[in-house]
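Please consult the sequence and structure shown below while reading.

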Amino acid sequence: MTTGLMASRHRWIYLGSIVLLVAMLVTGLLSFTQLHATDLANEKAKELATRLGSAGYPVPTQDQITHTLGEDGGAVCADPANALNQAQWTYGMSNGAGGPGQRPVLSDREVVKAEAIVLSVYCPDRLAAVQDSIDDLDLRDTVRK
C-alpha cells in the first residue's frame, strides 16, 4: 500500500467518526430537552390551578405548572420537612438584607398557605409534617388585597 491510499482510508475513518459523534450529540440534545408532559402531570397541574384559583391566588398557566412540577412535585416534594428545606423556606421570609441586617418578618398567612396547597395536590402524604411547621409560624395578614 502506498502512503496516499492509507491517508485516504484514515480520512474516511475520521470523517465517519465525526459524523457519528455529531449524530449522537444531536440525538442526545433532542432527548435531553424533550418535554415530558404526561397525562398525570397535566391532571395534577389542572387540579392545582383550580385550587389556587379558588383560594384567590394568581394562577400560572397549566403548561408552566406541568413543566415545573411534573408528576411528582419536583423539588417541592423532595423531603419538604427536612431541616435544610425548612431553613431555606424560612430564610425566604426575611427582610432581604444580607449579613447582620437580616431579620425575620411577619409573613402573610395567605402566602404560606400556597405551599400547603401545592403539597396537598402533589404529595399529600408529606403535608402533615410541613403543616406542623406552618402552624408554629407567627403569621399575620400583612398583604392588602
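In this predicted model, the contact of helix H2 with helix H3 brings Ala41, Asn42, Ala45, Lys46, Leu48 and Ala49 of H2 together with Gln62, Ile65, Thr66 and Leu69 of H3. Sorted by class, the residues of this contact comprise six nonpolar, three polar and one charged. Helix H2 spans residues 39–54 and helix H3 spans residues 62–69; their axes come within 9 Å and cross at roughly 120°. H2 is therefore oblique to H3. The crossing of these two helices is right-handed.

Helix H2 also contacts helix H5. On the H2 side, the residues are Ala41, Lys44, Ala45, Glu47, Leu48, Arg51 and Leu52, and they meet Ile117, Val118, Ser120, Val121 and Tyr122 of H5. This contact of H2 with H5 consists of eight nonpolar, one polar and three charged residues. The crossing of H2 and H5 is right-handed.

| Helix pair | Axes come within | Crossing angle |
|---|---|---|
| H2 and H3 | 9 Å | roughly 120° |
| H2 and H5 | 10 Å | roughly 145° |

Attention now turns to the burial of H3. Within this helix, Ile65, Thr66 and Leu69 are buried. These residues lie on the same side of H3, because they cover an arc of only 100° around its axis. The buried residues of H3 pack against H2 and against helix H5, which spans residues 109–122. Ile65, Thr66 and Leu69 are also among the H3 residues that meet H2. After H3 comes glycine 70, which has a positive phi, near 60°.

Glutamate 115 and isoleucine 134 are 19 residues apart in sequence, and their C-alpha atoms are 9.8 Å apart in space.

Taken together, these descriptions place H2 in contact with H3 through residues that include Ala41, Ala45 and Leu48. Ala41, Ala45 and Leu48 are likewise among the H2 residues that meet H5.

Technical notes
Residues are numbered from 1 along each chain as its sequence is written. This is a predicted model: local features need pLDDT of at least 70, side-chain atom pairs count only at pLDDT 80 or more; totals for chains, interfaces and linings use all residues. Side-chain values use heavy atoms; hydrogens and water are left out. Axes are lines fitted to C-alpha atoms, for helices over the stretch in contact, and angles run from 0 to 180 degrees between N-to-C directions. Helices (H or I, at least four residues) and strands (E, at least two) are DSSP runs, numbered from the N terminus. Angles under 35 degrees count as roughly parallel, over 145 as roughly antiparallel, 65 to 115 as roughly perpendicular and the rest as oblique. A crossing is left-handed if the near helix is turned anticlockwise from the far one by less than a right angle, and right-handed if clockwise. Contact means heavy atoms within 4.5 Å. Ala, Val, Leu, Ile, Met, Phe, Trp, Tyr, Cys and Pro count as nonpolar, Asp, Glu, Lys and Arg as charged, and the others, Gly among them, as polar. Buried means under 20% relative accessible area, exposed over 50%, partly exposed in between (1.4 Å probe, protein chains only). The arc is that of the directions from the helix axis to the C-beta atoms.
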